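Let's take a friendly walk through a protein model. Keep the 3D view open as you read, and look for each part as it comes up.

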Amino acid sequence: MRWNHMFIPTLREAPADAQVPSHVLLLRGGYIRQLAAGIYSYLPLAQRVLNKIAKVVREELDGMGAQEFYLPALQPAELWQESGRWEAMGQNMFRLKDRATRDLCLGMTHEEVFTAIARDELRSYRQLPQIWYQIQTKFRDEPRPKSGLLRVRQFTMKDSYSFDMDWEGLDISYQKHYEAYCRIYDRCGLRYRVVEADSGMMGGRQSHEFMVVTDAGEDQIVYCSCGYAANMEKATSRPEATNETKGPERPELVSTPGQKTIEEVARFLQLKPSQQIKTLVYVAAGKPVLSLVRGDHQLNEMKLQSFLGVEVRPARPEEIEEVMGAGAGSLGPVGVTKLRILSDLALRDQMNLTCGANRDDFHLTGVEPSRDYVAEYADLRLVQAGDPCVQCGNSLAVSKALEVGHIFKLGTKYSESMGAHVLKADGKAVPIVMGSYGIGLERIMAAAVEICHDSDGIAWPFSIAPFHCVISVLNMKDSSLVEAALKSYSLLNSLGIDVLLDDREERPGVKFKDADLIGIPYRINFGSKKFAEGKIEWIHRASKKTDEIEVSLLEAKARELLRENGTP
Ligand SMILES: [Zn+2]
């Protein structure tokens with residue numbers, strides 16, 4: 001491809017609202033343009049990258065025996081009503097009506113459609129297992145699209161679904177995906193961590209996320225040198241024992257005028273935040289519940305939600321006042337009998353604690369959980385950096401990360417609600433045991449930019465770069481130079497290297513800047529002076545390392561490159 005003929009609209013500066021590197025550089029490099037909030041057009045360079053990612057994904061999925069489908073993005077409401085997700089997806093789903101006022105939606109994921117095909121077509125255990133996939137456009141009515149391709153309303157996903165007769169079969173299909181995903185990210189040049197994840201709205205038992213550590217990510221992951229790794233939503237740590245000194249025989253009421261926060265009460269009563277109970281009122285499926293964590297800990301709402309199995313939200317001040325008879329600064333579990341009390345494990349077996357007295361401006365000291373109130377115990381706290389690892393006790397680390405893939409053991413949630421059964425060898429009908437597996441293609445592209453860039457621009461991993469190398473002709477008026485560059489261009493192309501020939505009538509400085517910005521892994525400079533000595537420059541984009549080589553050695557150099565990176 002010749003630069004003169006290519007559409008690469010590079011920009012000096014990115015719009016002010018572009019903050020994260022992938023957003024800035026994909027705009028400036030002429031890869032993407034915004035059409036509307038969270039909706040992007042992919043220009044030729046981006047499409048080349050996405051095609052290469054899709055090729056890697058297809059090769060690995062086909063290689064593990066998965067079969068490619070292509071299902072409609074436009075779907076009837078009835079399917080989603082069967083699975084119960086027409087309601088559950090809420091405002092995240094794009095919905096529309098056809099001319100006969102039938103309800104339709106734009107698919108966010110395809111469990112329903114794939115399960116419907118399985119239900120209608122699969123009859124016998126002999127047809128299982130099946131793994132079906134597609135690479136397709138998905139839609140999500142994201143309330144706050146931002147960060148370029150990181151939070152969007154239309155995107156491309158590889159989604160696959162496994163259908164097995166039993167859980168043992170699912171374990172095998174799941175493991176196949178796990179391993180294929182590792183190969184896909186390795187081949188795309190990403191450094192990533194696999195973390196335990198919450199299943200969220202998908203339902204199911206086990207799930208893992210594939211995460212790229214970057215400050216642009218909106219997730220937080222927790223990990224340890226022993227190998228433990230989990231999404232913050234699910235992460236757990238080893239509880240430490242504190243407050244094991246016996247207090248008074250019964251709680252004592254103390255006046256705490258105007259002292260509302262944990263810190264205020266700690267100062268006023270001369271105790272540590274860890275000696276207090278933090279009492280929070282949540283509304284779960286319309287009902288108020290009390291949740292308790294230690295004063296110096298934070299509640300993890302996702303854990304509360306998973307424990308209760310329904311969505312939760314913090315109660316509003318007037319709701320708190322109504323059920324508790326006191327404001328948020330004076331709450332506690334003692335004397336509460338009408339509400340479910342859910343307590344974090346760190347409060348179990350503790351003594352001599354302080355909490356609100358459910359009376360404004362009063363607190364109770366000397367509270368002993370096992371003696372003074374009845375609670376259900378669960379792991380509800382948000383892990384903090386430095387907490388002891390649940391597996392080995394070493395300090396846990398916390399990093400921001402970007403999700404590039406997610407795999408779920410769905411089990412029978414969809415096959416049961418939608419009636420997808422097969423007959424076993426004994427003639428008995430059983431629901432198909434399913435898994436669901438997703439990879440965001442643009443996420444891989446954006447994650448690669450996040451971890452592979454410098455102040456001059458992108459430095460693509462070789463395997464997914466839009467071109468492997470760019471030949472920069474530094475003087476287009478030197479006809480013998482141009483001729484030699486064209487010859488090299490044909491040679492590299494014939495070897496299977498994707499070459500961009502910068503044949504623009506531009507100053508060398510402009511060509512170098514543009515090449516660095518769009519991030520082609522190797523640049524080959526054809527300059528008149530060096531070429532007169534039979535030499536060209538070979539520059540590695542990421543390291544900026546420059547080698548002078550004989551023109552005659554270009555073929556050998558190119559073959560070496562292909563060997564190092566695996567033939568594309
Ligand atoms: Zn550990």
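Welcome to a predicted model. The residues that donate to its zinc ion follow the sequence spacing C-x1-C-x162-C-x2-C. Two parts of the chain that are distant from each other are linked here: C224 sits in the loop between β11 (219-223) and β12 (229-231), while C392 sits in the loop between β20 (376-378) and β21 (397-411), 168 residues apart.

Which atoms hold the zinc ion? The protein donors are the SG atoms of C224, C226, C389 and C392, lying 2.2 to 2.3 Å from the ion. The four donor atoms subtend angles of 99 to 115° around the zinc ion, so the arrangement is tetrahedral.

Is C224 buried or exposed? Its relative accessibility is 6%, and because buried means under 20%, C224 counts as buried. C392, at 32% relative accessibility, counts as partly exposed.

Leaving aside its neighbours within four places in sequence, I184 is in contact with V56, V57, E60, L61, I439 and I444.

## A five-stranded sheet

Next, find the open sheet of five strands, whose order is β16-β14-β15-β17-β20, with mixed pairing. Why do β16 (312-314) and β20 stand at the edges? Each has a single partner strand, so one side of each is left without a neighbour in the sheet. From one strand to the next, the twist averages 35°.

Strands β15 (residues 287-294) and β17 (residues 340-344) run parallel and are joined by four bridges. L290, for instance, has I341 in β17 as its bridge partner. Helix α9 (residues 317-324) packs on the sheet, where it touches β14 (277-284), β15 and β16. The direction of helix α9 makes about 105° with that of β14.

Finally, look for E263 in helix α7 (residues 262-269). With 46% relative accessibility, E263 counts as partly exposed. The C-alpha atoms of E263 and G295 are separated by 8.7 Å, and these two residues are 32 residues apart along the chain.

Methods: Residues numbered from 1 in each chain as written. Predicted model: local features only at pLDDT ≥ 70, side-chain atom pairs only at ≥ 80, totals over all residues. Heavy atoms only, no water. Donors = N, O, S within 2.8 Å, 3.2 Å for Na, K, Ca; no water. Tetrahedral: all angles 85-135°; square planar, octahedral: opposite > 155°, others 65-115°. Buried < 20%, exposed > 50% of the residue type's maximum accessible area, 1.4 Å probe, protein only. Contact = heavy atoms within 4.5 Å. Pairing = 2+ DSSP bridges. Axes fitted to C-alpha atoms, helices over the stretch in contact; angles between N-to-C directions.
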